[in-house]
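Let's take a walk through a protein model together. Keep the picture in view while you read.

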Amino acid sequence: HLHLELSALKNRLCFDQGFSAWVQALLEKRAAAGEAVLFREAQRAAKQLALQGVGYIGEISTLGLTRKIVQSLNLSGVWFQEFLGAAQPQTRIGKTDSLSFSLAGHAPHTTDPFLLQAVKNETIAQHLPFSIHLAESDTESEFISGQKGQWKDFLRSRGIDPSSWPIGSKSPVQYLADLGVLDSSTLAVHLLNIDNQDLDILAQTKTKICLCPRSNWNLHRRYPDIGMMLEKKLAPALGSDSLASCDSLSIFDEMAFIRQNYPDIDPIKVLSM
């Protein structure tokens with residue numbers, strides 16, 4: 001799991017003002033950078049991936065800028081066009097020998113639920129994976145549970161009306177389960193705000209999971225509960241998220257971080273992730 005499109009924002013965002021402030025600053029600085037700079041820095045970061053030991057990617061692209069970049073590299077994996085709000089960007093999906101081109105929802109609290117269902121159904125029809133950030137922040141959990149607060153106002157400032165969304169009295173994991181988008185071809189990323197019931201849902205639906213602990217610590221000062229996931233017989237993969245939230249895209253750096261902060265997890269298990 002990574003966002004090459006955010007590589008131009010390395011060392012340009014503060015982590016100590018809270019997650020919502022980080023998101024707002026990211027949107028502003030990404031827009032100010034312009035597509036030419038975003039493309040150039042994404043290309044520069046992508047060329048470093050193989051040198052950093054990365055061979056398989058799940059690239060999330062909001063603006064669609066990185067499709068040509070990943071096509072030009074000797075990497076395997078999936079390029080995901082990410083959907084936010086209610087708009088449906090046009091994109092071609094399908095497979096080559098080493099790469100798939102698929103669709104992703106941004107998150108439960110940022111993407112229209114009916115759009116999430118439509119996008120998920122399209123990936124099912126094409127036998128492709130679907131990815132979504134899930135249970136990453138307190139803001140997300142509060143909004144989905146029905147405590148709309150300032151996030152509802154933020155969505156409306158971005159032209160998104162959540163008044164018809166079926167939220168309330170549930171966790172983000174339960175919300176996606178109710179929408180029918182959790183299954184064995186869905187990759188749920190982050191999973192910071194979860195409990196035993198959420199993990200049972202993920203196990204029952206055979207949802208795949210991907211964790212980015214360095215990014216989680218920088219943005220939320222929290223770690224995912226990897227031990228509990230392993231107890232539930234889930235098999236987390238590792239991602240590096242982006243250079244907007246980490247200082248490298250190296251999976252070896254991610255593994256080293258886990259060894260440092262989860263000393264009880266067997267190194268063989270860390271490598272398997």
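## A ring pair on one helix

Start with helix H6 (residues 149–157): tryptophan 151 and phenylalanine 154 both sit in it, three residues apart, which is about one turn of the helix. Helices here are DSSP runs (H or I) of at least four residues, strands are runs (E) of at least two, and both are numbered from the N terminus. This is a predicted model, where local features need pLDDT of at least 70, side-chain atom pairs count only at pLDDT 80 or more, and totals for chains, interfaces and linings use all residues. Residues are numbered from 1 along each chain as its sequence is written, and side-chain values use heavy atoms, leaving out hydrogens and water.

How do you describe two rings? A pair of aromatic rings is described by the distance of the centres and the angle of the planes. Rings of Phe, Tyr and Trp (its six-membered ring) pair if their centres lie within 6.5 Å; planes under 30 degrees apart are stacked, over 60 edge-to-face, and the rest tilted. For tryptophan 151 and phenylalanine 154, the centres are 4.7 Å apart and the planes at 35°, so this pair is tilted. Tryptophan 151 is buried, at 10% relative accessible area, and phenylalanine 154 is buried too, at 18%. (Buried means under 20% relative accessible area, exposed over 50%, and partly exposed in between, with a 1.4 Å probe and protein chains only.)

## A pair that links two parts

Now look at tyrosine 223 and phenylalanine 257, an edge-to-face pair with 5.8 Å centre to centre and 65° between the planes. Tyrosine 223 is in the loop between helix H9 (213–220) and helix H10 (226–231), while phenylalanine 257 is in helix H11 (residues 251–261), so the pair ties together parts 34 residues apart in sequence. Tyrosine 223 is partly exposed at 29%, whereas phenylalanine 257 is buried at 15%.

## Inside the chain

The largest nonpolar core has 54 residues, and Trp22, Leu26, Val173, Leu176, Leu191 and Met229 have the most contacts inside it. Such a core is a set of buried Ala, Val, Leu, Ile, Met, Phe, Trp, Tyr and Cys residues joined through side-chain atoms within 4.5 Å. Apart from it lies another core of 17 residues, including Ala45 and Leu243.

## Two cysteines, no bond

How many disulfides are there? With a disulfide taken as two cysteine sulfur atoms within 2.5 Å, the count is zero. The sulfur of cysteine 212 is 4.8 Å from that of cysteine 210, its closest cysteine sulfur, which is too far for a bond. Cysteine 210 is buried at 3% relative accessibility, and cysteine 212 is buried at 0%.
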